[in-house]
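Student: I've got the sequence and the model open, and I'm a bit lost. Can you walk me through it?

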Amino acid sequence: MLILGNQVIKLSTADQEKLKTMYHKYAVTPPPYATFSAKTPGFVVTIYQSGKVMFQGKDADSEAVKWGTPAKKKQASPPKTTLPEGFSNWSVIGSDEVGKGDYFGPLVVVSAFVSRDQIALVKELGVKDSKQLSDPEIIRIARDLHAAIPYQKATLHNPTYNKMQRTMTQGKMTAIAHNAALHALLEKLEQKPDAILIDQFAEKSVYYQHLRAERDVVRDDVYFSTKAEGLHVAVAAASILARAFFLKEMDKLSKQAGLTLPKGAGAKVDQVAAQIIRRHGQEYLQKIAKVHFANTKKAINLNERRL
């Protein structure tokens with residue numbers, strides 16, 4: 001598999017104009033968020049609205065040096081992985097979930113496909129580890145991703161989640177949701193991905209054991225890794241989309257409940273759950289919360305102490 005060179009530099013407006021003049025005869029329609037793109041026999045050059053200029057192709061390194069010095073970014077040590085060499089440049093479906101540790105709100109899984117020729121664009125949109133982004137940034141980036149890449153989501157809303165939890169573990173529910181999103185995305189893709197990367201929440205053998213009774217189980221070219229958001233931008237994109245859908249659902253549930261539902265599963269959550277029980281009754285939690293969490297019992301105890 002050929003791994004293309006990839007260099008990014010920052011150019012002044014004047015130098016951008018010089019570059020456009022130099023490669024004018026090779027100009028092609030620029031991708032979203034770009035002002036210019038040219039495809040030469042040895043490389044593709046793209047100027048983005050941010051002023052960043054990306055060179056891709058077999059001659060990318062040598063051509064980028066003619067215009068400036070590629071920026072060297074300080075990066076954290078990559079997570080240990082057994083993924084094939086060059087995996088970060090493959091065309092990959094990434095799959096990640098959000099809401100598993102939150103008492104309020106659904107469990108949301110998103111599988112997103114980023115082809116090798118979209119990797120630069122997705123990074124330009126600001127995609128990175130979702131834990132480094134604020135909620136407003138996630139919502140903004142997710143809006144751009146919605147228009148830029150194919151994806152599929154599987155949402156276990158609280159009533160469904162609580163019903164399933166009576167007969168299965170959260171790990172099994174999560175595996176079923178991942179498989180559902182992956183299968184749906186593969187069904188609508190015209191291009192076959194090089195691989196699938198799932199942000200690991202269970203060992204591979206356990207994951208497939210969870211799916212033993214499911215139909216249409218996705219098995220081909222599937223990899224699992226922890227900290228997968230740092231291994232391929234497709235997983236980071238999936239995480240951002242899932243987080244955005246989760247935030248949207250939390251806003252909706254907050255309006256229905258008549259008070260702001262906090263994220264997580266801490267003491268603040270116990271207090272709000274206790275308020276909801278007083279306002280709407282304990283059964284109402286089935287509609288907005290994962291009732292098997294310890295927060296339910298703590299909220300009940302808080303109300304009993306008030307009596």
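Predicted model: local features only at pLDDT ≥ 70, side-chain atom pairs only at ≥ 80, totals over all residues.

Student: Is F293 buried or exposed?
Tutor: F293 is buried, with a relative accessible area of 14%. "Buried" means under 20% relative accessible area, "exposed" means over 50%, and "partly exposed" is in between (1.4 Å probe, protein chains only).

Student: OK, what about Y103, buried or exposed?
Tutor: Y103 is buried, and its relative accessible area is 0%.

Student: Let's talk rings. How many aromatic pairs are there?
Tutor: There are twelve aromatic pairs in the structure. Rings of Phe, Tyr and Trp (its six-membered ring) pair if their centres lie within 6.5 Å; planes under 30 degrees apart count as stacked, over 60 as edge-to-face and the rest as tilted. One of the pairs is Y103 with F293, which is tilted, at 6.1 Å centre to centre and 45° between the planes.

Student: Where do those two sit in the chain?
Tutor: Y103 is in the loop between β6 (92-98) and β7 (107-114), and F293 is in the loop between α10 (285-288) and α11 (295-306), so this pair ties together parts that are 190 residues apart in sequence. The labels come from DSSP runs: helices are H or I with at least four residues, strands are E with at least two, and both are numbered from the N terminus.

Student: And how are the rings of F201 and Y207 arranged?
Tutor: They form an edge-to-face pair, with 6.0 Å centre to centre and 70° between the planes.

Student: Which of those two counts as buried?
Tutor: Y207 does, at 1% relative accessibility. F201 is partly exposed, with a relative accessible area of 22%.

Student: Which rings make up a cluster?
Tutor: Look at Y23, F43, F55 and W67, which ring pairs link into a cluster.

Student: New topic. Which residues of α2 are buried?
Tutor: In helix α2, which covers residues 60-67, the buried ones are A60, E63, A64 and W67. They cover an arc of only 100° around the axis, so they're on the same side of α2. That arc is taken from the directions from the helix axis to the C-beta atoms.

Student: Why would they line up like that?
Tutor: An α-helix has 3.6 residues a turn, so residues three or four places apart point the same way.

Student: What's on the face turned away from the buried side?
Tutor: That face of α2 carries V65 and K66, and they're exposed.

Student: How buried is E63, as a number?
Tutor: E63 comes out at 9% relative accessibility, which is why it counts as buried.

Student: Something else: where does Q7 lie?
Tutor: Q7 is in strand β1, residues 5-10. With a relative accessible area of 21%, Q7 is partly exposed. Q7 and Q56 are 49 residues apart in sequence, and in space they're 6.6 Å apart, C-alpha to C-alpha.

Student: What does D194 bridge to?
Tutor: The side chain of D194 meets that of R116 in a salt bridge, 3.1 Å from N to O. This pair links distant parts of the chain, 78 residues apart: D194 is in the loop between α6 (170-188) and β9 (195-199), and R116 is in the loop between β7 and α3 (119-124). D194 is partly exposed at 24% relative accessibility, and R116 is partly exposed with a relative accessible area of 25%.

Student: And K263, what does that one meet?
Tutor: K263 meets D135 through their side chains, in a salt bridge of 3.3 Å, N to O. Here too the pair links distant parts of the chain, with K263 in the loop between α8 (233-257) and α9 (267-280) and D135 in helix α4 (residues 135-148), 128 residues apart. K263 counts as partly exposed at 38% relative accessibility, and D135 counts as partly exposed at 26%.

Student: What about D59 and K58?
Tutor: Their side chains meet in a salt bridge as well, at 3.4 Å from N to O. K58 is exposed, with a relative accessible area of 66%, while D59 is partly exposed at 28%.

Notes. Residues numbered from 1 in each chain as written. Heavy atoms only, no water. Salt bridge = Lys/Arg side-chain N within 4 Å of Asp/Glu carboxyl O.
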